[in-house]
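Thanks, everyone. I'll take a few minutes to walk through one model, and please have the structure open while I talk.

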2 protein chains.
Amino acid sequence: MTTKKEVESEQTCPAQAMLKLVAGKWKPEILRLAVEQPLRFSSLLRTLKGSNKQAIAAALKELEETGLLEKVVIKQKPLHIEYYLTKQGHSLIPVLQQLEDIG
Amino acid sequence: MTTKKEVESEQTCPAQAMLKLVAGKWKPEILRLAVEQPLRFSSLLRTLKGSNKQAIAAALKELEETGLLEKVVIKQKPLHIEYYLTKQGHSLIPVLQQLEDIG
DNA sequence: ACAATAAGTCAAAAAATTATGACTACTAAA
DNA sequence: TTTAGTAGTCATAATTTTTTGACTTATTGT
């Protein structure tokens, strides 16, 4: 979402823009989990304690829109959808790891 | 600030915690500027277009509290206060740089 | 056509973040 | 002791983000 504030103040810091792509309550954790295996909506819902469908849906949508996750629909008995970490998504992982190491 | 949400959901992702330290509208930019020279309140206010004293004050305070900036009071004719990037603050710079490179 | 399961959407409320305007504190010099 | 300059604080308002609960779509097997 492009906010009114953003339009008015005309972002200039590139790092800030990038940080927004992984910021938010659930996105870093989701990316971390995606390293290990493709993600499923319901599985995330179970795994991420304190989350809810809307939070998960919003996070997955944003991560997909910004090209960090790829959505794959599997037309099976009960509809399955998997989210894979993209190449760009993978490139973020070591950066997140460094952040952890510093903190 | 420790929020109600944080207390309830008991954060578990370490990267998320670290991201919070540099997230926000002005913190990344302030850190970047601090690499070049010690920062002054009024100077930041002039430099960061679209900012205001409260935003700057809050950002500097948080960056100081989390140990990324160090505050130095210079008792001179008109009171001067400088903010220096700490060792830990410096260690974040390459990470921010990497984020820029990816984005 | 209907049921069961997975994956969502939508509108509204609650909470957090950011912005605004008025006011305060400290220092040194006159 | 008043003044000028720098660095803020405080309460409140506006905006954005996150949460909540009810509802919808898609698929396949029966």
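One definition before we start. Two residues are in contact if their C-beta atoms, placed from the backbone, lie within 7 Å. Also, keep in mind that this is a predicted model.

Which residues does B:Lys71 touch, not counting residues up to four places away in sequence? They are B:Glu64, B:Ile81 and B:Tyr83. B:Lys71 itself is found in strand E2 of chain B, residues 69–74. Is B:Lys71 buried, exposed or partly exposed? Buried takes 20 or more other C-beta atoms within 10 Å, and exposed takes 12 or fewer. B:Lys71 has 13, so B:Lys71 is partly exposed. For a sense of distance, take B:Thr47, 24 residues apart from B:Lys71 along the chain. The C-alpha atoms of those two are separated by 19 Å.

Now the chain as a whole. Along the sequence the pattern reads α-α-α-β-α-α-β-β-α. The C-alpha atoms fill a box of roughly 50 × 35 × 30 Å along the principal axes. Chain A has 103 residues, and 30% of them count as buried. Look also at contacts between residues at least 6 apart in sequence. In chain A, 47% of those join residues at least 24 apart.

Next, the two chains together. Chain B can be laid on chain A with an RMSD of 0.1 Å. That takes a turn of 180° and a shift of 0.0 Å along the axis. The two copies are thus related as by a two-fold rotation axis. Where is that axis in chain B? The C-alpha nearest the axis belongs to B:Val95, 3.2 Å from it.

Two packed helices are described by the angle between their axes and the distance between the axes. H2(A), residues 14–22, packs with H6(B) at an angle of about 80°, with the axes 8 Å apart. The two helices are therefore roughly perpendicular to each other. From H2(A), the contact is made by A:Pro14, A:Ala15, A:Met18 and A:Leu19. From H6(B), the partners are B:Leu96, B:Leu99, B:Glu100 and B:Ile102. Seven residues of this contact are nonpolar, no residues are polar, and one is charged.

Now go to H2 in the other copy. Which residues of H2(B) are buried? They are B:Ala15, B:Gln16, B:Met18, B:Leu19, B:Leu21 and B:Val22. What covers them includes H2, H3 and H6 of chain A, together with H3 and H6 of chain B. Just after H2(B), B:Gly24 takes a positive phi of about 110°.

Last topic: the DNA. Start with strand C. There are 26 residues around DNA strand C, and those that come nearest are A:Ser42, A:Pro78, B:Thr3, B:Lys4 and B:Gln54. Chain A supplies at least two residues from each of H1 (4–9), H4 (41–47), H5 (53–65) and strand E3 (80–85). H5(A) gives the most, three residues. The classes here are nine nonpolar, nine polar and eight charged.

Then DNA strand D. It is surrounded by 27 residues, and the closest are A:Thr3, A:Lys4, A:Gln54, B:Ser42 and B:Pro78. Elements giving two or more residues are H1 and H5 of chain A, plus H1, H4, H5 and strand E3 of chain B. Which element gives the most to this surface? H5(B) does, with four residues. By class, the surface near DNA strand D has nine nonpolar, nine polar and nine charged residues.

That's the tour. Over to you.

Terms used
Residues numbered from 1 in each chain as written. Chains lettered and ligands numbered in written order. Predicted model: local features only at pLDDT ≥ 70, side-chain atom pairs only at ≥ 80, totals over all residues. Near = placed C-beta within 6 Å. Nonpolar A, V, L, I, M, F, W, Y, C, P; charged D, E, K, R; others polar. Least-squares fit on C-alpha atoms with pLDDT ≥ 70 in both. Axes fitted to C-alpha atoms, helices over the stretch in contact; angles between N-to-C directions. Parallel < 35°, antiparallel > 145°, perpendicular 65-115°, else oblique.
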